[in-house]
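I opened this entry to record what I looked up, beginning with a helix and going on to a cavity and some salt bridges.

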Amino acid sequence: MAGDDWRGWVLYQIYPRSFQDTDGDGVGDLKGITARLDHVASLGVDGVWLSPFYPSPMADFGYDVADYCGVDPMFGTLDDFDALVARAHALGLKVVIDQVWCHTSDRHPWFQASREDRTGDRAGWYVWADAKADGSPPSNWQSVFGGPAWTWDARRGQYYMHNFLSAQPQLNLHHRPVRDALLDVARFWLDRGVDGFRLDALNFAMHDPALTDNPAQPPGTGVWPRTRPFDFQQHLHNQSQPQMLDFLARVRALTDAYGGRFTVAEIPGADSGAERRAYVTPGRLSTAYGFDFLYAPDLSAARVHAAMAEWPEDAGWPAWAFSNHDAPRAVSRWAPGADREAAACMALLLLLCLRGVVFLYQGEELGLPQADVPFDRLMDPEAIANWPRTLGRDGARTPMPWTMQPPWAGFSTAEPWLPVDARHPSLSVATQDADAGSMLSLTRRLVALRKAHEALRTGAYRPVEAPEPLIVFQRGQGAGALLCAFNPTGEAVDWRLPDGWRAIQAVNGGEKGFGPYAAVVAERLI
């Protein structure tokens, strides 16, 4: 992995709980992932990103880690993980795993020791602070999931910080032993053969030690409409501290020592572009992604060109996702039900034409819509707390449909932890696999298109002027350049390829004209 071979990658995200169950408990597992890797390899992708599978009480479904160097029994064993890595490598797939370094579970032994003794070896491993004189929290910081970012702990007689759930106490990355321990965790998994890490919510990993209050977010700015107290603040002090950059240099030195492993940071936030670029300058991480598209209510030329403009050629290498385990599926955000399939095809071609590492989320290759999960089946703590204003994450986490077989579409022999949406079995892998006109077959062709053209993998991005609402840009330069054009709406647009170009890939009739959700990639005529 020396050099920049990862720059053109397409990585397939697997949410282990919902991919394939092999032991009949209704929850996916590592053996299930291994059994289905042939499907992943058939897409032509470069590797997989695995969401957490570590021991956890599952308050936030694995993102509350109780042991960084193990496998939760519901997912299997370390031997199962080693077998997964071996099978993936045999199929030519890289394995990238989540690392959750902002916080642990409150069941983690580190936190248990920290809360018991203000003077012990672990005393400074988490963010603790005394109450104000009136007993109120040390600062006005708010948690992402609602309420103050501070919880009182009677055993220690202090508040502890948590940017997310109270069951996810914040690690103190200003403390050198914590940073050393996290690097030891990374070394443990590198020694087991992983090819890289996705670093969860990394801009939340360091706070202002002075505990300065956050200023208010001016009305109409930031996240709007506001559904949580978190949305009312500018997050200047509970996250995004410059000291993080020195730690990232140590992370890079470690991964370089293993032959240049891949690292991608998740950087949430409406104004996180500058921070993402800082995290991927030479000597730090490989790449970073934000939420430019993950919560976007629509797809437009302005949105795409603005996202690309944040990453000029001298500013590092970006990464992009339209859907993942934290966001409602893109096709349900960007198209009405009747246009779902056409919109999904157009969006997939657009994603694979962007300059940067690309993430495909499980089921995206099938064109799955956001699942409908009734309130009494919700599991996501954010969705439950903010119902019905927050759509929540459960609808993107329902089981992968492998077959049309009732009642659970080949995912499990027992009732799954989340319900199978009634629309999903007809879109299953088995249903689409042999159909040359299916979304699954198209996915394989489009990934192959990206791999066949250097311009799509690593070429420059240049916006091209076009009538609204078309999204048009050029990838690469000279004779190898490609022209990419997309209609993100259900209305026809009077536009055709300019002279001197010919279509090499099109969806929804884009080679003939620009009807609803049409798209085309064209090469220069020689």
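I checked the length of helix α10, residues 340-353. Its 14 residues should span 20 Å at 1.5 Å a residue, and the end C-alpha atoms are 20 Å apart, which agrees. The expected span is 1.5 Å times one less than the number of residues; helices are DSSP runs of H or I of at least four residues, numbered from the N terminus.

I noted that the model is predicted, that local features need pLDDT of at least 70 and side-chain atom pairs 80 or more, and that totals for chains, interfaces and linings use all residues. Residues are numbered from 1 along each chain, and side-chain values use heavy atoms, without hydrogens and water.

I then looked up burial in α10: twelve of its 14 residues are buried (under 20% relative accessible area, 1.4 Å probe, protein chains only; exposed is over 50%, partly exposed in between). Among them are Arg 340, Ala 344 and Cys 353.

I next asked which helix supplies the largest share of the lining of the largest cavity. That helix is α10, with four residues. Ala 344 is one of the lining residues that lie nearest the centre of this cavity.

Finally, I looked up salt bridges (a side-chain nitrogen of Lys or Arg within 4 Å of a carboxyl oxygen of Asp or Glu), and the count is 27. One joins Asp 180 and Arg 250 at 2.9 Å, N to O. This pair links helix α5 to helix α6, 70 residues apart. Asp 180 counts as partly exposed because its relative accessibility is 28%.

Definitions and conventions. Helix = DSSP H or I, 4+ residues; strand = E, 2+ residues; numbered from the N terminus. 1 Å grid on protein atoms, 1.4 Å probe; cavity = no way out; pocket = protein on both sides within 12 Å on 5 of 7 lines; lining within 4 Å.
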